[in-house]
Amino acid sequence: MESKLVVRLSYRDIFQDKQSIPHILKKINCHVALIFLVLLNKNEHELRKDPSNELKYILNNWLPGLNKNIKQKIIKAFYKHKDYKSSKEDLRSVVVINRISTLRSMELLLSQSTDFKMGSNSILKEKETESELALFKLYLMINEEIASRQDKIFKEYFKDTFDELDDIQFHLLIGITNPLIKLDIAESIQPEIYKFILFEKWLRSKPEYYEMSLSYLRRINISTWYEYFTDVFNICRGSTETIFISSKLYPVLEKILSYLTVRGGINSSWSEFQNLRKKPIIEIEEGLYLILDMEFLLNKLFSSLYHEILAHSKIYGLPNFSQDYNKDFIEDMLLENSFKMTFGNSYKKLSESTIKKTKQKRIDNLSLPDFYIRNGKKVFLFECKNSFISNANKIKLNTEELLDEIKTKFYCYGFKDASKIKSKAVLQLINFIRLSIEGSYTFFDNTGNPKKLIYYPILIVTDPTLTSIGFNQYLNYYFEKELFKIGYSSKYFIKSFTIIHIDDFLYHQRRLKKLSNVIDHYHNYIDKVEGLDSMISFSDFLTNKIYLRRPKMLKKNVSHIFENSLLPKE
C-alpha cells in the first residue's frame with residue numbers, strides 16, 4: 001500500500017476569529033477533558049478503519065451538542081481539503097485527530113493546575129457543550145502549533161528542484177517534527193520486558209552497579225527489582241483493559257503509582273513530551289489514577305528507566321557506568337541474546353569481546369565490529385550505537401545543528417575539519433569492510449577469499465528517533481559517497497547501509513533469521529518507489545509493509561533470556 005500525505009486541519013481552517021490558548025484553556029473542564037483525551041489516545045487506531053470514521057466521531061462523540069452552523073463548518077473543511085481523486089465518502093486524506101496533538105493537549109491542561117483531583121479546580125464551571133467545543137478549538141490550535149514547526153522545514157528545505165540530499169534532508173527533518181509512531185502496544189511491551197530482564201541480570205553481575213541500582217529503588221520506596229517489575233507490569237497489563245487503576249483495590253501498587261504520578265503543575269513549553277514520559281499517570285480522585293499514555297508507561301519497564309538509572313549513577317559517584325553499560329551490556333550482552341533469539345544456533349556469530357579473546361598479536365590495535373555474523377558468503381558487520389539525538393536540538397528545531405549532530409554521532413566526528421576527523425558508524429563500517437577484504441579478519445574466520453564475500457553493513461540503534469523517515473537514506477547517502485571515494489562501489493559485493501533498531505530483533509525474532517533477504521527486500525522497495533515511501537525506515541518497513549500480523553512467540557526462542565533471571569521458574 002502506498003503511503004500518502006494527509007492534511008491536518010487547524011483552527012484557521014474552520015474558525016475565522018482569533019483566540020489564544022490561555023483564554024481557551026480557561027473554558028475547559030480539565031478532568032472531563034483529560035479522560036476524553038486518554039480514551040481518544042488509546043482508541044485512535046479505531047478511527048482509521050473506515051474512510052469517514054473521524055468526521056463522524058467528531059460530530060457525534062466529541063461535539064454531540066454542537067449547533068448546526070459550526071457542524072457545517074467542520075464538514076465543509078473536511079470536504080474542502082480531501083483528496084479530490086478519492087471517492088466522496090473517503091475522507092482519510094484529512095485529519096484533525098493525531099497522537100501528538102492529543103498528548104500536547106494533555107500537557108497544556110496539566111500545566112494549568114497543581115492539584116489534579118476532581119473538584120479541586122473551581123474556575124472550570126463552563127457548560128459541558130462549551131467545554132467540549134473549547135477542547136476542540138484547543139486541539140485545532142495545537143495542530144497549528146505543530147504545523148508552524150513543520151513550516152520552518154518547508155521554508156528551509158522544500159525546493160522547486162530537489163537534488164537527492166535536499167530531498168532526504170527535507171523528509172528527515174519533517175520526521176523529527178512528528179516523533180511518535182508506534183501504535184501497537186505488543187510491539188513495545190515484548191522488547192521492554194526482555195531488555196529489563198537482561199539489564200537486571202547484568203546489574204547483578206556488577207556488585208557496585210547493583211548496589212547503586214538498589215539505592216535508586218530505595219529512593220522511590222521500592223525494595224527489590226522483582227517488586228518494581230511486577231508492579232509496573234501489572235499496571236501495564238491493567239491498562240490494556242481500562243484507563244483507570246485504583247490503589248484501594250490494589251494497595252500493593254500504591255508505592256509505584258505514587259512514583260509514576262504527576263505532582264504539581266508541569267511546564268507548558270514544548271518539550272518533546274519529557275514531562276509525560278517521566279510521569280505518565282495522574283491522580284484524579286483519592287486513590288484513583290488515570291493512565292495518560294500506555295507507551296510512556298511501558299517504557300518505565302526499561303527505556304526511560306535506563307535514563308533515570310544513568311542520572312542516579314552520577315549522583316552515586318560512578319562516572320564509568322555509562323561506558324560500561326554501552327560496552328558490556330548493549331554491545332555485548334544485549335546483542336548476543338538478541339541474535340540468539342533471532343538466529344538460534346545457526347551461522348557463525350562472534351562478538352567483539354569474543355574475537356579479542358583469541359591469541360592474536362596486536363589485536364588491541366585492530367578495529368573490529370561490535371558483532372560479526374556470517375551465513376555462507378554473506379557477512380553481516382554490526383556497529384551498535386547507544387547514542388540519542390538531543391532533545392534540546394529537537395525542541396529548538398535548529399535544522400543545521402540537528403544535521404550536524406546526526407553526522408557527528410553517526411558519520412564522523414570533526415567532519416568540518418579533516419585534521420580532526422574521528423570515524424563514527426558510517427566510516428567505521430566501511431573500515432570493517434576494508435579490513436575484511438584485505439584479510440585482516442581471517443584469523444577468526446578463514447573464509448578463503450574475503451574479496452568474494454557479500455557484505456551487509458548494519459548500524460544497530462537504541463534511539464527510536466533514528467527509525468523515523470529519512471534517517472536510513474541520509475546515512476546511506478554518505479556511506480555510498482565514501483565507498484565511491486575509495487573505489488569500492490563497483491569492485492566488491494557491498495550492500496547498502498541499513499539502520500536496525502535493537503527492538504526489531506527482540507520483537508520479530510525468527511522472522512529476521514534470513515536477514516539478507518529482508519534487507520535486500522527493503523532496499524529494493526525504497527529504490528523502486530518515490531516520495532514518502534522511499535524514505536521509510538527499516539523498522540516501519542517490517543511492520544507496515546511485510547509483517548502486518550504480530551509474530552508468534554515461541555518459548556524456545558526466548559528461554560535463554562529467562563535463565564537465571566529475577567522471575568521465578570514455572
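In helix α5 of this predicted model, the buried residues are R99, I100, S101, T102, L103, R104, S105, M106, E107, L108, L109 and L110. Because twelve of the twelve residues of α5 are buried, the helix is largely enclosed by the rest of the structure.

**Helix α5**

- Helix α5 comprises residues 99-110, and its twelve residues should span 16 Å at 1.5 Å a residue.
- The C-alpha atoms at the ends of α5 lie 17 Å apart, which agrees with that expectation.
- The elements covering the buried residues of α5 include the helices α1 (21-25), α2 (30-43), α6 (128-157), α12 (274-278) and α13 (294-298).
- Strand β4 (281-285) is also among the elements that cover these buried residues of α5.

**Residue I28**

- I28 is located in the loop between α1 and α2.
- Between I28 and R219 the separation is 191 residues in sequence, and the C-alpha to C-alpha distance is 36 Å.

**Residue E54**

- E54 belongs to helix α3, which covers residues 53-62.
- When residues up to four places away in sequence are not counted, E54 touches L47, R48, F78, V95, V96 and I97.

Technical notes. Residues numbered from 1 in each chain as written. Predicted model: local features only at pLDDT ≥ 70, side-chain atom pairs only at ≥ 80, totals over all residues. Heavy atoms only, no water. Helix = DSSP H or I, 4+ residues; strand = E, 2+ residues; numbered from the N terminus. Expected span 1.5 Å × (residues − 1). Buried < 20%, exposed > 50% of the residue type's maximum accessible area, 1.4 Å probe, protein only. Contact = heavy atoms within 4.5 Å.
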